[in-house]
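Student: I have a structure to look at. Can we go through some helix packing terms with it?

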Amino acid sequence: MEQVSKALEDRSSIPEDGIEQAFDVVGEISEVVKTGIWVGDCFIYTNNVNRLNYFVGGEIVTISHLDREMYLLGYMAKDNRLYLGDKEHCVVSYSVLLSVLQYQTHVMRKDFQIADKVLPSIPREHRTRVANFLEKQGFKAQALLVTTDPEHKFELSLQLGDLRSAYNIAKESESQQKWKQLSDLAIRQSQFGLAQECLHHAEDYAGLLLLASSSGQADVMAKLAATSEKAGTNNVSFYSYFLLGKLDECLDLLINTNRLPEAAFFARTYLPSQISRVVQLWKSSVAKNSQKSADALADPLQYENLFPSLQQGLHAEQYLQGQSRKVLPAKMFPSTTPNWERNILEEASGWNPDEPMPDRQMASVEETESANATQPEPDENKEDLFEEALEDNPPMVEEKDKKSAEELSLDEDLERLNLETEAVHEGDVVNDDADVDVDVDADVDDEADDDIDENELLKDD
């Protein structure tokens, strides 16, 4: 207004295009405007292609497509009507809610307190359009509160990372696509419990397999195996049973799905005791098409000479069945020998079925736990001092670490000999509990007989 007042004082200085400083650029639209009016911060206009639009916040909203060229006459706020006329003096009105225009105007001015007061006056059928306007302006949180369309609300919830709102909408709609989208969001936010539930609802068995195998949840894997088998997703079910070590279920799944050749080779590899049963089923199936081909399949019970290592395989199967019942804790993974590095036939060769199952791995678990329990807690101050001393005096590794195995053995013998020599000066050592006398001098003589002399060892060193 100041620029206009100054220009009016000297009308001769006003250019033909008007007073440019009196205007602020709100936005640009690449259209030819025929007629237009302002309602708040909304510009309502008609263009050269006979469309009635209004422009607010950089967004163009089409009110109607006109069938002929018409001109804006004005807007009646009390009636919420926009009036237009043509050259034949025909007047047409369109409904344009003033509350919507006012709300959008206050949003553009970022006056949300007044906008919230105007919102209740907007009918529910128009709120989704208002929510779309808010979303385009970047106010997604407000759009989530305004919209009444479940699809739009779900999309906004995903964009805002609102798991609770998205979960409630997905639960009401029971859409597998929504559950899948929600599971992706839950995984990105490390909500694996929710992701697991969403994947179950979405019947995304491949995603569940990845989640269960990554987290090491055996109960989830067992549930997945049963659920995927009922749903007919046999590849996921088979892999789940296999990771759980349920070989019998894997074999039954192959048989039930009529994959008899695969079942026979699976039994030959993992369950030798089931070979004969599977071969009989395989022969019966092949005999329906060719009896000659069925007779070519050898049964181990009838042709033992064709299976020379079958008895070793049966023995190894019994050995592994005993071990498979024991579950090792996850912390033992670094110290556990991988299956691909084990030789099962060698391990089972010295095992007797009547004897208790060797528990080599579980023993290592107990040893580790007992060692951890008896180990004293480290002194942080001592560790710091040790690190400082290590920095000041780095270890001499150039010569000492190059000692051969023979020299290290000589060092050990020398240390043991020094201990025994000290014991000689202290006298005989007697074990009262076992009532056995140990003559240290005799031990020294024995060591001397083995050509271990202290002077010689020092000389060699």
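Student: At what angle do the axes of α14 and helix α15 (residues 275-287) cross, and within what distance do they come?

Tutor: They cross at roughly 160° and come within 9 Å. Axes are lines fitted to C-alpha atoms, for helices over the stretch in contact, and angles run from 0 to 180 degrees between N-to-C directions. This is a predicted model: local features need pLDDT of at least 70, side-chain atom pairs count only at pLDDT 80 or more, and totals for chains, interfaces and linings use all residues. Residues are numbered from 1 along each chain as its sequence is written, and side-chain values use heavy atoms, without hydrogens and water.

Student: Why is α14 called roughly antiparallel to α15?

Tutor: The angle is roughly 160°. Angles over 145 degrees count as roughly antiparallel. So α14 is roughly antiparallel to α15.

Student: Which residues of α14 and α15 meet?

Tutor: Contact means heavy atoms within 4.5 Å. In α14, Leu260, Pro261, Ala263, Ala264, Phe265, Ala267 and Arg268 take part; in α15, Ile275, Val278, Leu281, Trp282 and Ser285 do.

Student: What makes α13 and α14 roughly antiparallel?

Tutor: Helix α13 (residues 247-256) and helix α14 (residues 260-270) pack at about 160°, with axes 8 Å apart. Therefore α13 and α14 are roughly antiparallel too, by that cut-off.

Student: Which residues make the contact between α13 and α14?

Tutor: Leu247, Cys250, Leu251, Leu254 and Ile255 come from α13. Leu260, Glu262, Ala263, Phe266, Ala267 and Tyr270 come from α14.

Notes
Helices (H or I, at least four residues) and strands (E, at least two) are DSSP runs, numbered from the N terminus. Angles under 35 degrees count as roughly parallel, over 145 as roughly antiparallel, 65 to 115 as roughly perpendicular and the rest as oblique.
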